[in-house]
Structures are given as structure tokens and as C-alpha cells.
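Hello,

Here is the structure I promised to pass on to you. Please have a look at it first; my notes on what I found follow below.

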Amino acid sequence: MNRYDSSDLRRAAAAGIQAPSMYNSQPWGFRLRDGAIEVLSDPGRQLAVADDGGWAMRLALGAATFNARLALAWAGTPADVLLLPESTEPEVIARLSPARHRPPTYTERDLYAAIERRYSNREPFWPDPVPADVRVRLIEAARVEGTWLDLLVGMTALTGFSEIAHSADRVLRRDARYQAELITWTDTESAEDGIPAVAAASVAEAQDLLPQRNFGGRRRAPGRDYEPEPLVGILGTAGDRKLDQLMAGQALQHVLLTATDAGLASSMISQPIEVPPARDQLRRSLGRSGFPQIAFRIGYGQPGHPSPRRDVSDVIIG
């Protein structure tokens, strides 16, 4: 019977910690249990105000699970993944059990290589359009994970999304507790988590189509406006259970790594998901019966700045 060992655990955790998380809070842990690798939530890193229901944490954990899957497949030891396995420990969100040994596919190799190159780029992108064949790859990456991805085409759709996103952003900016929590995760130059100023977006200006979180006070260089017609993706699921949100996290990372492999940059836009009326308005604008789970912009841009990560040894448990 195949069993994972400590080297497999470390490989999976090293990839898992590179996943995105809200405010770079990194709410995960990894352990070896009975020859399987378990991905655990870290409730102490759940955002008390911005994520009181745990939605963002579950997206992050799903993304970390996808990275761990890739790392194991790359090593020729792919995993059978069970989300929310029956357990007396509610923090166990995924169990990766050894499947039959096989060489990695070309896609697995490419996506695994993209893990260390993927990070949020909050700066303006170039106006170059994303080719149609790449858009098809992004949509397919979401589909194979059991989710859907809508790419907004044309200024009518983008303007509608912009209005929803800015409305949600204004709601969050008026929430004093929300803003106080945001500040604690901002400009953390010497920390192993949070958003350092170098990775933050420049201060918003009136002409910006999409809102940006205020992670820093940098002014943009003259003439460095955001792209006039960004490619915005909205990823969603049929349901809105914990399981659906974990699936959305895996799909999100699959899409983002596919974009990275294609030479694209990306950044998240979560405000319309965080404010329930805005989320419902977004769902209706898409004509979808399911639930939007995250939005993001994709495009070509100059290299950005990755956010810090905790050491692998800090997230391996037991």
C-alpha cells in the first residue's frame, strides 16, 4: 500500500504556502496522518471582520490544496483528494491519499513551474488583449474543477461590474472595524504575512474603472493609468456550501496558474463578493443561477512584487 512520507509532506506544504489568501493571511497547516497528507485550517488566522463566515479562508485552503496536488503529481506521486473528510477534527479540510504512481503530465509540469511565479500584481497592466485561445484555457481550467468562469467582454459589461464593485468598496470603506483590521495587515515589511507596501496598488484615482484596496500610500507615476478595458473574470459555483467554496479555491488556483503559465498577471477583486447585496446584484447581472465566489483582473504587465510567506516549518504540524 502506498504511503506518503515526510519528504512528500514538505514538498506539498512548500507548494501549498504559495497559494493566495485574503490579506496574505495564510490560514493553513499541513500534516502527515496514516500515510496521507492533510490540509488543515488555522482558525487563528481567519479574518475576524472581513471573513467572519470563513468564505475567504476556504478559498485560500482550496487554492493551497490545489498547489499541494500539483507538487505531488510533479513528483510522480499523485493524490486522490477528499474534501471535508469525515473527521472528529473540523479543521481538517482536505485529505490527500496516495494514488498509483505515474509520470506527471505536461500540464502538471507547466502549472507546477508556475507556482513560484504567481502572485498578485496590483499595478496597471498593458492594454494588450488576452488572446482568444488563452481565454478558452482559463475557462476550461475552471470547468475541470467543477466551477464556472465568466470573462466579461465589452465596455457595457465592464461598466456594470465597475458600478457594482465600486458600490461594494464604498460600503467597506465606511466600516470602521473593517478598515481597522485591514490596517493591521498592511505595510508589513518585516513580517512573514500581510501585504508589504511594495506589493500594494498605488493610490486610487477618480478615473480608475476598478477599485483597489488601500494597502499603501504610493502614488503612481504620471501616465501610469490602469488599462482602459481590463479582462475581468468572475468564478462561481452551483452552490454555496463549504464544499463549494473549497472547490472554488482549487479552481481559482488552477485558473491563476494557467494565466501565469501563459505569461499573464492577475489580481483579485473580492469587494463585490464580500458585500451580500452586491454579490446578488453581480449574480443577476451575469444571468447565473449559481454563486459568484471571486472576481479578478488578468492582463499583461511589468513584473510585480511577491508578498512574503511563512517558513515551511511553521506550517507543518506534528
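Let me start with R95, which sits in strand β4 of this predicted model. With a relative accessibility of 23%, R95 falls in the partly exposed class, because burial would need a value under 20%. The side chain of R95 reaches the side chain of E38 in a polar contact of 2.7 Å. Leaving aside residues up to four places away in sequence, R95 touches A36, I37, E38, D80, V81, L82, P85 and E86. One of these, V81, is 14 residues from R95 along the chain, and the two C-alpha atoms are 5.8 Å apart.

As for β2 (residues 36–41) and β4 (residues 92–98), they pair in the antiparallel sense over four bridges. If you want a spot to look at in that pairing, L40 stands opposite V92 in β4.

The loop between α1 and β1 is worth a visit too, and S21 is one of its residues. S21 has a relative accessibility of 16% and so counts as buried. A polar atom of the S21 side chain lies 2.9 Å from the backbone nitrogen of Q26. Beyond four places in sequence, S21 touches Q26, P27, W28 and A60.

Most residues other than glycine have a negative phi. Y23, found in the loop between α1 and β1, has a positive phi near 60 degrees. N24 has its place in that loop as well, and its phi is also positive, near 55 degrees. How exposed or buried is Y23? Y23 is buried, with a relative accessible area of 3%. N24 is likewise buried, and its relative accessible area is 3%.

Finally, please turn to helix α9 (residues 276–286), where A278, R279, L282 and L286 are buried. These four lie on the same side of α9, because they cover an arc of only 100 degrees around the axis. The general rule behind such a pattern is that an α-helix has 3.6 residues a turn, so residues three or four places apart point the same way. What do the buried residues of α9 pack against? Their partners are β5 (148–151), α5 (155–173), β6 (231–237), α8 (271–274) and β8 (291–299). The face turned away from the buried side of α9 carries P276, P277 and R284, which are exposed. Note that R279 is among the buried residues of α9, whereas R284 is exposed. After α9 comes G287, with a positive phi near 70 degrees.

I hope you enjoy looking through it.

Best wishes

Definitions and conventions:
Residues numbered from 1 in each chain as written. Predicted model: local features only at pLDDT ≥ 70, side-chain atom pairs only at ≥ 80, totals over all residues. Heavy atoms only, no water. Pairing = 2+ DSSP bridges. Helix = DSSP H or I, 4+ residues; strand = E, 2+ residues; numbered from the N terminus. Buried < 20%, exposed > 50% of the residue type's maximum accessible area, 1.4 Å probe, protein only. Arc of directions from axis to C-beta. Contact = heavy atoms within 4.5 Å. Polar contact = N/O pair within 3.5 Å; in protein donor to acceptor, adjacent residues only side chain to side chain.
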